[in-house]
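Here's a quick tour of a protein chain, written for someone just getting started with structures. Have a look at the model first, then read on.

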Amino acid sequence: MRTMVPRLVVTQDNEFFFAAAREGRLAIQRCVDCHALRHPPGPCCPDCRSFNWDTVSASGRCTLHSYTVIHHPQDDGFDYPLIVGLVDLEEGTRLVADIAGIERDELEIGMVLEVGFAEHPHGEVLPQLRRPGGRTHDRPIRRWHPVAHSRPAAGPDDDRGGRHRLTGLRGRPS
Ligand SMILES: [Zn+2]
């Protein structure tokens, strides 16, 4: 199997997002100074220009704002048609992810969805939208096809403790 999907570009501004996804958690960046949430991650708050940020764990509950159905070009890493949704998270930000387990004619704008997680063709874990059912990441829907790859000898995990201190990434509140 071959994939043309590019590898993730992981930076010190977005590494928290992918680290949380590997734990089955949706982390959203929050401005420390004005508390505005933002996604996708970036170094600076678009509201107040502050560079101080931490993260919050989103519930994963969301509603469908829009979607598109991709037929071509096709990649071995995915099933087609591939449906990609834009959702409003209940925390107030938006997220783009593929939709699994729901047919196109079952989709309605405004319908309630839930964020689960699935393995990317390169082996990374990313959010995936599904019907609400609770704890969906415990029973993943494998619509993505992992492909053979070699991991770099040193990855973001190697400095996890330090990164968490830098980003303020916190564990799941309970
Ligand atoms: Zn701000």
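In which sense do S4 and S5 pair, and over how many bridges? They pair in the antiparallel sense, and eight bridges link them. Keep in mind that this is a predicted model.

**Strands side by side**

- S5 and S6 make a hairpin, with four residues between them. In that turn sits Gly92, whose phi is positive at about 120°.

**The nonpolar core**

- The largest nonpolar core is made of 22 residues. The ones with the most contacts inside it are Ala20, Leu26, Ala27, Cys62, Val87 and Leu129.
- At least two residues of this core come from each of these: helix H1 (15-22), S1, S4, S5, S6 and strand S7 (112-119). H1 gives the most, with five residues.
- Who does Leu26 touch, once you skip its neighbours within four places in sequence? Leu26 is then in contact with Ala20, Ser57, Ala58, Gly60, Val115 and Pro127.

- First, some background: most peptide bonds are trans, and most residues other than glycine have a negative phi.
- His72 and Pro73 are joined by a cis peptide bond, with omega at about -5°. You'll find Pro73 in the loop between strand S4 (61-70) and strand S5 (82-89).
- The bond from Tyr80 to Pro81 is cis too, with omega near 0°. Pro81 is also in the loop between S4 and S5.
- His35 isn't a glycine, yet its phi is positive, at about 65°. Look for His35 in the loop between strand S1 (26-31) and strand S2 (37-38).
- Is His35 buried or exposed? His35 is exposed, because 12 other C-beta atoms lie within 10 Å, and a residue with 12 or fewer counts as exposed.
- Arg49 is another residue other than glycine with a positive phi, near 70°. Arg49 lies in the loop between S2 and strand S3 (53-58).
- Arg49 has 10 C-beta neighbours inside 10 Å, so Arg49 counts as exposed.

How values were computed: Residues numbered from 1 in each chain as written. Predicted model: local features only at pLDDT ≥ 70, side-chain atom pairs only at ≥ 80, totals over all residues. Buried ≥ 20, exposed ≤ 12 C-beta atoms within 10 Å, placed from the backbone. Pairing = 2+ DSSP bridges. Core = buried A, V, L, I, M, F, W, Y, C linked by C-beta atoms within 7 Å. Contact = placed C-beta atoms within 7 Å.
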